[in-house]
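My plan was to look at the whole first, then at two places in the chain.

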Amino acid sequence: MKLIMENWRQYLEEDVGGFTAEYQLFIPRGCPGSECKPSKLSSTPPVENRSAVNKPIGGFWTSTANKSEIWTSDWNEWMKHNMPHWMHPKGILLRPKTDNVFHIENDRDAKLLHEEFPLESEGPSFSFSAFSGPSVHNIDFEAALKKYDGIHWGMKDGDHSHSSFGRSGMWDVESTVWRDASVLEVVEVVEVAQREASDSIY
């Protein structure tokens with residue numbers, strides 16, 4: 001009984017659950033010579049931990065979607081100014097089919113996930129960020145994404161997160177890494193916000 005209560009207490013402390021924001025947006029890197037089709041979601045590289053960066057490679061990455069006159073996201077807004085030729089003019093609007101998402105809204109959440117899935121440092125420069133110094137919450141994402149369908153950095157309603165965790169791995173605000181795209185439902189292919197002619201390119 002004591003173990004059951006302890007597990008329940010830990011579950012309540014963890015920020016696990018679905019999004020308040022309904023949609024996620026995936027913008028392909030580009031589809032040269034072909035259309036942007038949902039069939040491109042069928043192949044996802046495996047999640048792997050990355051040396052010196054507290055962020056995995058592989059998996060399926062999305063950004064929390066929002067709409068005014070046209071669909072966009074924090075990733076979209078950053079990309080259209082800084083990497084306009086990298087993004088495809090169309091994105092794939094998705095709706096999560098799972099509530100098994102770990103939300104990192106602050107450093108407390110990052111610490112909880114680290115305690116559950118620690119990735120031990122092999123040197124003094126492990127997961128070092130020029131913005132916040134060495135990370136103390138290095139996470140074994142390979143193991144974590146066997147339990148959780150996705151790991152999200154930001155707020156469940158799509159607002160900005162005020163945590164140093166993202167800086168330790170250069171996470172984009174309001175981004176989610178999914179084990180694969182099977183836990184997301186394709187809604188439609190949409191036009192995404194592009195850089196206006198008057199905007200500058202950095």
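I count a contact when heavy atoms lie within 4.5 Å. I also note that this is a predicted model.

**Entry 1: the whole protein**

I looked up the make-up first. The protein has five helices and 12 strands. Of its 202 residues, 46% are buried. I then checked the accessible surface, which comes to about 11,000 Å². Carbon and sulfur atoms hold 53% of that surface. Residues 24 or more positions apart account for 78% of them.

**Entry 2: Val177**

I found Val177 in strand 11, which covers residues 175-178. Is Val177 buried or exposed? Its relative accessible area is 0%, so Val177 is buried. I set aside neighbours within four places in sequence and listed what Val177 touches. Its contacts include Pro56, Gly58, Gly59, Phe60 and Trp61. Also among them are Leu145, Asp149, Gly150, Ile151 and Trp171. Val177 and Leu145 are 32 residues apart in sequence, and their C-alpha atoms are 8.8 Å apart.

**Entry 3: Gln24**

I moved on to strand 1, residues 24-26, where Gln24 sits. Gln24 is buried because its relative accessible area is 0%, and the cut-off for buried is under 20%. Which side chain does the side chain of Gln24 meet in a polar contact? I found Thr62, at 2.7 Å. Beyond four places in sequence, Gln24 also has contacts with Phe19, Ile92, Pro96 and Trp178, among others.

Notes: Residues numbered from 1 in each chain as written. Predicted model: local features only at pLDDT ≥ 70, side-chain atom pairs only at ≥ 80, totals over all residues. Heavy atoms only, no water. Helix = DSSP H or I, 4+ residues; strand = E, 2+ residues; numbered from the N terminus. Buried < 20%, exposed > 50% of the residue type's maximum accessible area, 1.4 Å probe, protein only. Polar contact = N/O pair within 3.5 Å; in protein donor to acceptor, adjacent residues only side chain to side chain. Areas by Shrake-Rupley, 256 points an atom, 1.4 Å probe, with all protein chains shown as cover.
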